[in-house]
Amino acid sequence: MKIVDATVVVTSPGRNFVTLKIETDDGVSGLGDATLNGRELAVASYLRDHVVPLLIGTDPHRIEDTWQSLYRGAYWRRGPVTMAAIAAVDVALWDIKAKVASLPLYQLLGGASRERVRTYGHASGGSLPELFDAVRARIEQGYPAIRVQTGVPGLRRVYGVSGSPAVDPGLPAVEDWDTAAYLRHLPRVFEAVRAEFGPDLPLLHDAHHRLTPQQAARLGKELEPYDLFWLEDCTPAENQEGLRLVRRHTTTPLAIGEVFNTVFDYQTLVTEQLIDFVRSAVTHFGGVTPLKKLFDLAAPYQIRSAIHGPEDISPVGMAAAIHLDMAIHNFGIQEYAGYTDRTDEVFRRAFTFVDGHLHPGDTPGIGVELDEQAAAAHPYERSYLPVNRLLDGTVHDW
Ligand code: KDG
Ligand code: MG
């Protein structure tokens with residue numbers, strides 16, 4: 001069996017998605033997600049201009065060898081563009097292998113370790129009444145766990161709270177930030193949410209890389225009475241050692257890793273048991289092959305999976321995640337933001353979302369087909385993630 005063609009499809013059914021389609025001489029094809037939010041065309045070029053020529057004529061069954069040759073062979077390692085491109089190849093090859101075996105991918109990863117995959121959804125509000133309505137809506141949709149994001153008094157636009165449109169369409173929106181105001185406000189919000197929804201509902205929060213270790217330690221301690229399922233990305237964790245201070249001062253569980261690309265980003269965090277959940281996406285971590293290895297490394301440290309699954313992971317990347325979630329033992333939770341009808345017309349998927357739980361379906365492969373005609377009706381639209389500034393105008397982590 002040989003790879004005879006590989007094409008990159010960029011489509012924007014409401015938001016941009018980059019998909020790699022690999023075709024073989026047997027007529028079997030596979031899909032991989034290469035979407036890197038705000039930098040989509042860089043990955044499309046990396047694939048089209050540099051990776052596709054290397055794939056033609058090779059054996060699609062040699063997944064490990066292909067992964068190693070793309071990672072080591074480029075000499076320039078790591079980074080989100082490189083690893084999203086490698087991820088797309090890796091997932092497309094797993095899709096092909098599973099289709100040839102006539103099995104859903106999770107069967108090749110060890111088979112089902114559970115009946116279904118537990119998820120969490122997002123709720124946000126500028127004010128408490130808005131936030132309560134959003135939490136109620138998620139509960140009604142069946143979500144068993146909910147991420148809570150809130151506006152902060154005195155700030156106009158804050159991460160995770162809807163809106164923040166760009167002043168010039170196609171250029172980054174500007175959000176604002178004041179850490180002291182946030183640290184004063186957030187514990188009061190969780191106190192109110194617990195009072196409204198009771199002690200049982202698992203609640204999560206994403207600090208989105210904005211705090212110093214000292215600030216994160218204080219916040220984690222102040223949130224302890226509200227029993228969070230996790231506090232996510234409390235610090236910019238490129239400085240892994242910074243988590244030692246956070247860990248020493250709080251028992252609030254910690255989740256980190258959606259911007260990480262390789263196992264080296266996690267080395268200290270995992271081996272010193274400084275976190276409780278790893279957040280990498282299949283799409284940004286080089287695919288199913290390395291993410292499965294990371295989960296296996298994390299397991300003896302009692303660290304569980306929590307694969308990143310916001311709107312900017314395409315249904316292809318999400319499907320690959322759900323197959324992994326089904327198979328690994330140390331599964332924790334899966335983030336699931338859902339998709340619009342327009343996206344569902346472009347990506348036909350076997351995975352289902354019922355009562356707040358996902359199932360990958362039993363279609364051979366990853367269970368997603370791309371309708372290329374529908375995709376072509378939604379051409380790429382330039383878009384950026386927001387930029388975050390302190391009240392004096394200084395750029396801050398977003
Ligand atoms: O592209 C950036 C988003 O994926 C990110 O902001 C979402 O933090 C996020 C999350 O936890 O889903
Ligand atoms: Mg996050």
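These notes cover the metal site, salt bridges, aromatic contacts and one surface patch of a predicted model.

Local features need pLDDT of at least 70 and side-chain atom pairs count only at pLDDT 80 or more, while totals for chains, interfaces and linings use all residues. Residues are numbered from 1 along each chain as its sequence is written, chains are lettered from A and ligands numbered from 1 in the order written, and side-chain values use heavy atoms, without hydrogens and water.

1. Metal site. Asp206 (OD), Glu232 (OE) and Glu258 (OE) coordinate the magnesium ion (ligand 2) at 2.1 Å. Donors are N, O and S atoms within 2.8 Å of the metal (3.2 Å for Na, K and Ca); water is not among the atoms, so the site may look incomplete. The donor spacing along the chain is D-x25-E-x25-E. Glu232 sits in strand E8 (residues 230-232) and Glu258 in the loop between E9 and H9, 26 residues apart. Helices (H or I, at least four residues) and strands (E, at least two) are DSSP runs, numbered from the N terminus.

2. Glu232 counts as buried because its relative accessibility is 0%. Glu258 is buried too, at 10%. Buried means under 20% relative accessible area, exposed over 50%, partly exposed in between (1.4 Å probe, protein chains only).

3. Salt bridges. The count is 20, taking a side-chain nitrogen of Lys or Arg within 4 Å of a carboxyl oxygen of Asp or Glu. Arg78 pairs with Asp265, closest N and O atoms 2.8 Å apart. The two are 187 residues apart in the chain. Arg78 is partly exposed at 34%, whereas Asp265 is buried at 15%.

4. A bridge within a helix. Asp133 and Arg136 form a salt bridge at 3.2 Å between the closest N and O atoms. They lie three residues apart in helix H5 (residues 128-141), so about one helical turn separates them.

5. Aromatic pairs. The whole structure holds 16. Ring centres of Phe, Tyr and Trp (its six-membered ring) must lie within 6.5 Å; planes under 30 degrees apart are stacked, over 60 edge-to-face, the rest tilted. Tyr336 and Phe351 are edge-to-face, 6.3 Å centre to centre, with 85 degrees between the planes. Both are buried.

6. Surface. Val263, Phe264 and Leu297 make a nonpolar patch of about 230 Å². Phe264 is partly exposed at 44%.

Notes: Patch = residues over 30% accessible without salt bridge, like charges linked within 9 Å, V, L, I, M, F, W, Y side chains within 5 Å. Areas by Shrake-Rupley, 256 points an atom, 1.4 Å probe, with all protein chains shown as cover.
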